[in-house]
Amino acid sequence: MTRSKAISKALLLMCAVTLAGSALAQDVVHAVAGAVTRVDKTGKTIAIKAADGSEQIFRFTEHTAIRTSVEAAKGAKMGALDTYFAGKEGTRVVVRYMGKGADKTATMVEDFGKDTLKAGKGTVTHVDRAARTVSVKTEGGAEETYKLGSEAVVETDHGVVRGTRYLAKEGDKVTVHYTEEGGAKVVRFFQKL
C-alpha cells in the first residue's frame, strides 16, 4: 500500500510539472498601437512606428485577421494584409501579435484610418466600474474621462485582455488610444506603463 501511494504521488507530481511546463510554453497575445510605415509583400512583413517612436516589424500570414474600426461588430477579414494596406502608409493601427523580439507574428491588425485614433498619457485618478469609465490626469494636467468600449483591448503584464475584464487602479500610469464617438472618448487600446 505504501509503495502504491508513493507511485501515485510521483505520477501526480510528474503530471503537475508537465502541465506547468506546457502552460509556460504557450504563446501570449500582446498588442501595440502605431502607424503603418511599410508593408513588404515578398517578405510578408508589416512595419509600424509605435507610439514610443520605435519601429516594430511583424510577420503576417494568410490567417492574420484585418478589421476596420467600423466593422468591429461584424467581425474580421482573414488574409490579404499586403493588398489591404498597400498605399495606406500612415494609417493608425493596433496590432495584436504573438512572439518576441524579431520573431513576432501579427494575429490581427485593426485599422483606424489616418486621423481617427488619438492617444493620451497620464495617471489613473478615478475608476467607475458601473459606468465603465476611467479618468486620467494627463501629463498636461487636464483630467480626461474615457469610456471602456466593448471592443477595447488592454496590454497587461500578462498579455492582452478585453477592456471589459480589465480593472484599472488609481495611480496606474497608462497610455490610452481612443476614438471620439458621440462626444465620448472611447478606449480602443489601453496600455499600462
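This is a predicted model: local features need pLDDT of at least 70, side-chain atom pairs count only at pLDDT 80 or more; totals for chains, interfaces and linings use all residues.

**Stop 1**

Select Arg132. Arg132 belongs to the loop between strand 8 and strand 9 (133-138). Check its backbone: phi of Arg132 is near 55°, a positive value in a residue other than glycine.

Now select Lys44. Look for it in the loop between strand 1 and strand 2 (45-50). Phi of Lys44 is near 55°, again a positive value in a residue that is not glycine. Its relative accessibility is 39%, so Lys44 counts as partly exposed.

**Stop 2**

Go to Lys137, which is found in strand 9. Lys137 is partly exposed, at 43% relative accessibility. Lys137 and Thr125 are 12 residues apart in sequence. From C-alpha to C-alpha, Lys137 and Thr125 are 6.4 Å apart in space.

**Stop 3: the largest pocket**

Where does the space open up? The largest pocket holds about 220 Å³ of space. Select Ala51, Asp52, Thr175, Gln191 and Leu193. Of the 13 residues that line the largest pocket, these are the closest to its centre. Next, color the elements that give two or more residues to the lining: strand 1 (29-40), strand 8 (118-128), strand 12 (173-181) and strand 13 (184-192). What is the make-up of the lining in nonpolar, polar and charged residues? The lining residues of the largest pocket divide into 7 nonpolar, 4 polar and 2 charged.

**Stop 4: aromatic pairs**

Show the aromatic side chains. The count comes to 3 aromatic pairs. Two of them are worth a stop here.

Select Tyr84 and Phe85. Their ring centres are 4.8 Å apart and the planes stand at 85°, so the pair is edge-to-face. Both Tyr84 and Phe85 are buried.

Then select Tyr146 and Tyr178. This aromatic pair is tilted, with 5.2 Å from centre to centre and 55° between the planes. The pair links distant parts of the chain. Tyr146 is in strand 10 (residues 143-156) and Tyr178 is in strand 12, 32 residues apart. Are these two tyrosines, Tyr146 and Tyr178, buried or exposed? Tyr146 has 2% relative accessibility and counts as buried. Tyr178, at 8% relative accessibility, counts as buried too.

**Stop 5: lysines over rings**

Lys88 lies over the face of Tyr84, at 3.8 Å from the ring centre.

Stay with Lys88 and bring in Thr91. The backbone oxygen of Lys88 lies 2.7 Å from a polar atom of the Thr91 side chain. Thr91 has its place in the loop between helix 2 (81-84) and strand 6 (92-100). Its relative accessibility is 4%, so Thr91 counts as buried.

Now move to Tyr97 and Lys104. The charged end of Lys104 sits over the ring of Tyr97, 5.5 Å from its centre.

**Stop 6**

Select Thr156, which is found in strand 10. The relative accessible area of Thr156 is 19%; buried means under 20%, so Thr156 is buried. The C-alpha atoms of Thr156 and Tyr166 are separated by 8.7 Å. Along the chain, Thr156 and Tyr166 are 10 residues apart.

Last, select His158. Look in the loop between strand 10 and strand 11 (159-162). His158 is exposed, with a relative accessible area of 71%. Which separation does His158 have from Val29, C-alpha atom to C-alpha atom? The two C-alpha atoms are separated by 8.7 Å, although His158 and Val29 are 129 residues apart along the chain.

Technical notes: Residues are numbered from 1 along each chain as its sequence is written. Side-chain values use heavy atoms; hydrogens and water are left out. On a 1 Å grid over the protein atoms alone, a cavity is a set of points where a 1.4 Å probe fits but cannot get out, and a pocket is an open set with protein on both sides within 12 Å along at least five of seven lines; lining residues have an atom within 4 Å of a point. Grid points are joined across faces, edges and corners, and a volume is the space filled by probe spheres set on the points. Helices (H or I, at least four residues) and strands (E, at least two) are DSSP runs, numbered from the N terminus. Ala, Val, Leu, Ile, Met, Phe, Trp, Tyr, Cys and Pro count as nonpolar, Asp, Glu, Lys and Arg as charged, and the others, Gly among them, as polar. Rings of Phe, Tyr and Trp (its six-membered ring) pair if their centres lie within 6.5 Å; planes under 30 degrees apart count as stacked, over 60 as edge-to-face and the rest as tilted. Buried means under 20% relative accessible area, exposed over 50%, partly exposed in between (1.4 Å probe, protein chains only). A charge sits over a ring if NZ of Lys or CZ of Arg is within 6 Å of the ring centre and within 35 degrees of the ring normal. A polar contact is a pair of N or O atoms within 3.5 Å; within protein, one must be able to donate a hydrogen and the other to accept it, and residues adjacent in sequence count only if both atoms are side-chain atoms.
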